[in-house]
Amino acid sequence: MVTGAAPRVRLSRTVHAPGQSLPTHEHRNAYLSIVIEGDYLEQVGKRAVHCEPLQIRFHPPGEIHENHFGVRGGRVLNFELDETWDVELDALGLADPKGDLLLHGGAELAFQAWRNRHQPLLVEESVARLLHRARDAGRETRTQAAHAGIRKAIAYLRDSEGGAFSLFDIAAAAGLHATHLARIFRRRMGSTLGAYARRIRIERALGHMHAHPEWSLSRVAVEAGFTDHPHLTREYQRFVGVAPSRLRRDLASLRVAFSAR
């Protein structure tokens, strides 16, 4: 079902039954998709990509794949790009990304595009920013594959569940000296360890808002590792650009739209 249209970006919502499979098929145009509810496994040749709620997947033009939805089925918001974007994709290295691009961040941009779906220029601006996120996700994936220490440091940060830790704790988990880790992480990942840790906490908070809409933002903050609601709001405003309450409203709006489909 088409929910809106722009000259160069087509928005659509797709609903899939529990356990549904889509046979091998090809999409001529590039597109981005974000799971709102449920999950699915996308098979691209011999590679399998698990797409979970609020993760964004970039699909290059001409990609051939098949999809297998989980026990909860899937509700997916899609942004199809027409051929006008091909030059941009090539410039960003996304025409042939040499791997699967799954963005853990960027839900706020997808929600922003949905919120402004009747204003083509605003939709295109959100999509352009998402494409830059996709390029960065590819770089991060390649960096982690090439450097075991950085990969171990990120795994430690993601497994910490909001607990307190120091640079030396992360370095020990990575098997590197603290000063060396801090230097190479910033150089290769384009972010300090502290900023990356905050990004993970923000992603965790969004996950809690999705999974537990009944929770107060104060509880979301504490469960995600922030000191309190104001701390969560400050960090969201700083790193995401909007308050967490805005994202919560957008998510509720999308859920209503899917239910009314």
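1. A171 counts as buried because its relative accessibility is 3%, where the cut-off for buried is under 20%. The model is a predicted one, and this value is computed from it.

2. A171 sits in helix α5, which spans residues 167–174. Leaving aside residues up to four places away in sequence, A171 touches L176, H177, A178 and L181. A153 is 18 residues from A171 along the chain, and the C-alpha atoms of the two are 6.9 Å apart.

3. The largest pocket has a volume of about 910 Å³. Its lining is made up of 33 residues, and those nearest the centre are G105, E140, Y196, R199 and E203. By type, the lining of the largest pocket holds 15 nonpolar, 7 polar and 11 charged residues.

4. Several elements contribute to the lining of the largest pocket. At least two residues each come from β8 (101–103), α2 (107–115), α3 (120–146), α4 (148–159), α6 (178–189), α7 (193–211) and α9 (229–239). The largest share, 8 residues, is supplied by α3.

5. The second largest pocket has a volume of about 390 Å³. Of the 15 residues that line it, P53, Q55, E203, R204 and G207 lie nearest the centre. This lining divides into 5 nonpolar, 5 polar and 5 charged residues, and α7 gives the most to it, with 8 residues.

6. E203 deserves a separate entry. This residue is among those nearest the centre of the largest pocket, and E203 is also among those nearest the centre of the second largest pocket.

Note on methods: Residues are numbered from 1 along each chain as its sequence is written. This is a predicted model: local features need pLDDT of at least 70, side-chain atom pairs count only at pLDDT 80 or more; totals for chains, interfaces and linings use all residues. Side-chain values use heavy atoms; hydrogens and water are left out. On a 1 Å grid over the protein atoms alone, a cavity is a set of points where a 1.4 Å probe fits but cannot get out, and a pocket is an open set with protein on both sides within 12 Å along at least five of seven lines; lining residues have an atom within 4 Å of a point. Grid points are joined across faces, edges and corners, and a volume is the space filled by probe spheres set on the points. Helices (H or I, at least four residues) and strands (E, at least two) are DSSP runs, numbered from the N terminus. Ala, Val, Leu, Ile, Met, Phe, Trp, Tyr, Cys and Pro count as nonpolar, Asp, Glu, Lys and Arg as charged, and the others, Gly among them, as polar. Buried means under 20% relative accessible area, exposed over 50%, partly exposed in between (1.4 Å probe, protein chains only). Contact means heavy atoms within 4.5 Å.
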